[in-house]
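Student: Hey, could you walk me through this one? I'd like to go piece by piece and ask as we go.

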Amino acid sequence: MLTNEGCRKRLERFRKRLEGHGDAAVIHKPEHLLYLANFFPLPNSLNLQSSSFLLLERNGPATLFTDNWLKPSGETVADGVVVVDWYTCTGPAEDRAMAVGGALRKRLKSLRVRTLAAELGQIPHYVASAAATVSTKIVKICPCTFCHALPNATRFSATPCSIISTERN
């Protein structure tokens with residue numbers, strides 16, 4: 001299992017590598033949420049597709065956006081957690097990605113970032129379009145190396161996917 005201390009160190013390394021390349025980053029793949037924020041929802045049938053996002057502001061907090069069924073049961077290293085009511089057993093559930101993505105979309109609009117780094121193959125169009133509405137340039141992050149697609153960036157020596165199973169921090 002990953003430690004919170006190790007996740008905090010990885011978040012800080014990622015934040016430093018983001019300098020000069022983006023004002024904020026959106027992480028969406030479940031294994032990358034675990035690697036950076038020590039957040040991993042139980043993979044039951046309702047959680048097959050992640051609806052959680054980590055917004056990392058270069059000069060601000062790391063905020064985890066998730067729904068009430070996936071909210072962290074343990075400690076996460078995110079500075080803040082935004083929990084959106086997705087399904088409350090009192091009526092029909094709305095689209096899960098739209099519910100959580102809506103909260104992230106509002107935050108992105110309010111931040112007015114000029115350059116957003118994102119896992120483009122993973123981020124829903126609804127979320128990415130929030131950046132487009134405020135004239136934001138979107139920079140692709142390679143899902144397994146984070147900084148691979150950033151100009152002049154140094155790659156991690158191993159991928160987050162492989163480190164999850166071997167790292168002790």
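Student: Which way do the side chains of strand 2 point?

Tutor: This is a predicted model, so what follows describes the prediction. In strand 2, Phe53, Leu55 and Glu57 point one way, while Leu54 and Leu56 point the other way. In general, side chains alternate between the two faces of the sheet in a regular strand.

Student: And is strand 2 enclosed or open?

Tutor: Largely enclosed by the rest of the structure, because five of the five residues in 53–57 are buried.

Student: What does strand 2 pair with?

Tutor: Strand 1, residues 24–27, pairs with strand 2 in the antiparallel sense over four bridges. Strand 3, residues 62–67, also runs antiparallel to strand 2, and four bridges join them.

Student: How do strand 2 and strand 3 connect?

Tutor: Through a hairpin, with four residues joining strand 2 to strand 3.

Student: Back to Glu57. Which side chain of opposite charge is nearest?

Tutor: That is Arg107, 4.1 Å away. The cut-off for a salt bridge is 4 Å, and Glu57, though buried, has no salt bridge.

Student: What else does Glu57 touch?

Tutor: Leaving out residues up to four places away in sequence, Glu57 touches Arg15, Asp23, Ala24, Arg107 and Leu111.

Student: Asp23 is on that list. Where does Asp23 sit?

Tutor: Asp23 is in the loop between helix 1 (4–18) and strand 1. Asp23 is partly exposed, with a relative accessible area of 25%.

Student: What is Asp23 in contact with?

Tutor: Setting aside neighbours within four places in sequence, Asp23 is in contact with Leu56, Glu57, Arg58, Val113, Arg114 and Thr115. The side chain of Asp23 reaches the backbone nitrogen of Arg114 at 2.6 Å.

Student: Arg15 came up as a contact of Glu57. What does Arg15 form a salt bridge with?

Tutor: With Glu12, at 2.8 Å from N to O. Both residues lie in helix 1, three residues apart, which is about one turn of the helix. Arg15 is buried at 13% relative accessibility, whereas Glu12 is partly exposed at 38%.

Student: And what about Asp67, what does that residue pair with?

Tutor: Asp67 forms a salt bridge with Arg96, and their closest N and O atoms are 2.7 Å apart. Asp67 lies in strand 3 and Arg96 in helix 3 (residues 96–111), so the pair ties together parts that are 29 residues apart in sequence. Both Asp67 and Arg96 are buried.

Student: Now helix 2. Why is helix 2 described as largely enclosed?

Tutor: Because six of the eight residues in 30–37 are buried. Those buried residues are His32, Leu33, Leu34, Tyr35, Leu36 and Ala37.

Student: What happens just after helix 2?

Tutor: Asn38 takes a positive phi there, of about 55 degrees.

Technical notes: Residues are numbered from 1 along each chain as its sequence is written. This is a predicted model: local features need pLDDT of at least 70, side-chain atom pairs count only at pLDDT 80 or more; totals for chains, interfaces and linings use all residues. Side-chain values use heavy atoms; hydrogens and water are left out. Buried means under 20% relative accessible area, exposed over 50%, partly exposed in between (1.4 Å probe, protein chains only). Helices (H or I, at least four residues) and strands (E, at least two) are DSSP runs, numbered from the N terminus. Two strands pair if DSSP finds at least two bridges between them. Contact means heavy atoms within 4.5 Å. A polar contact is a pair of N or O atoms within 3.5 Å; within protein, one must be able to donate a hydrogen and the other to accept it, and residues adjacent in sequence count only if both atoms are side-chain atoms. Lys and Arg count as positive and Asp and Glu as negative; His and the chain ends are not counted.
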